[in-house]
Every structure is written in C-alpha cells, then in structure tokens.
Amino acid sequence: MTDAGSGHTRRIPRFIAVGAAAALVHWGVVTAIVQTVHWHPLVANVLGWIVALQVSFFGHHRMTFEGHGVPLWRSASRFSAISAGGFVINELAYAAMLRWTDQSYQVSLVIVLLGVAVLTYLLSSRWAFIARSQE
C-alpha cells in the first residue's frame, strides 16, 4: 500500500465513485427485472449483484486501488470472496427490510447497498488489493 494517510485520502473518493456506479447498476437491474419480468425483489437481487460485481471489481482494480501490484486472478478471487460475503449480508438484510418494514423494495435496497459498501471498502483496502509483500 502507499502511505496510509494519503492513500486513503485518494482512494475514498474513487471508492465512492466506483461503488456508486456499481450500486446504480445493481439497483437498476433489480428494478428493471421486478418491473418488467415481475420477479420477486430478492430473486432479482441475485442477478443485480452478479452484474454489479463486474462493474465494482474492474472499477476498484483499475481506479480505486490502481498500482496495487496484485495479480488480476488474486485480486479477483479475493474481491469476489468479499463481495459474496457482502452479498449474503445484503440478501439477509434486504429480506428483513422487505418483510418487516413498509419501505419500498427500491428504498430498502438503497439502504442495504450503502451499509454493505463500508464493509467492502475496509476488506478490499486491507486484503483484496494488497500485494503479498505488503501482507
């Protein structure tokens, strides 16, 4: 990693930009599927995550953590593991919100996506995009 203070200062705005793009894709896919194909939001959420994972990984790999020196296959496998864990949390929280709140499925998904984003940043910056020599 670069020096900790300036590294995070540069990364956080990039992480927010990439994460916002991925979240918008995720939300858009879910909304489109629910409204056009009439899938249940939890089922559509799976496809939304799969599509957004591509946007998120490549954006973080090339922008947020640029110059990290981690081979593509290693950072992809680590990031996918982080994302899959985040998705489990996402799906459980989303199911709870759909069941126990009066929020629309779209608002509930936004809330859940924001919550999982913090966890994703922390794990990505400390594991997925750290070269072996820095571990």
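α3 and α4 are roughly antiparallel to each other, because angles over 145 degrees count as roughly antiparallel. The model is predicted, so local features need pLDDT of at least 70 and side-chain atom pairs count only at pLDDT 80 or more, while totals for chains, interfaces and linings use all residues. Residues are numbered from 1 along each chain as its sequence is written, and side-chain values use heavy atoms, with hydrogens and water left out.

**The α3–α4 pair**
- The axes of α3 and α4 come within 9 Å and cross at roughly 150°; axes are lines fitted to C-alpha atoms, for helices over the stretch in contact, with angles from 0 to 180 degrees between N-to-C directions.
- In the contact of α3 with α4 there are 18 nonpolar, six polar and one charged residues (Ala, Val, Leu, Ile, Met, Phe, Trp, Tyr, Cys and Pro count as nonpolar, Asp, Glu, Lys and Arg as charged, and the others, Gly among them, as polar).

**Overall fold**
- You will find four helices and zero strands in the protein (DSSP runs, with H or I of at least four residues for helices and E of at least two for strands, numbered from the N terminus).
- Along the principal axes, the C-alpha atoms fill a box of roughly 45 × 25 × 20 Å.

**Largest pocket**
- Its volume is about 570 Å³ (the space filled by probe spheres set on grid points joined across faces, edges and corners); a pocket is an open set of points on a 1 Å grid over the protein atoms alone, where a 1.4 Å probe fits, with protein on both sides within 12 Å along at least five of seven lines.
- Of the 29 residues lining the largest pocket, the closest to its centre are G19, A23, L113, V116 and A117; lining residues have an atom within 4 Å of a point.
- α1 gives the largest share of this lining, ten residues.

Note on methods: Angles under 35 degrees count as roughly parallel, over 145 as roughly antiparallel, 65 to 115 as roughly perpendicular and the rest as oblique.
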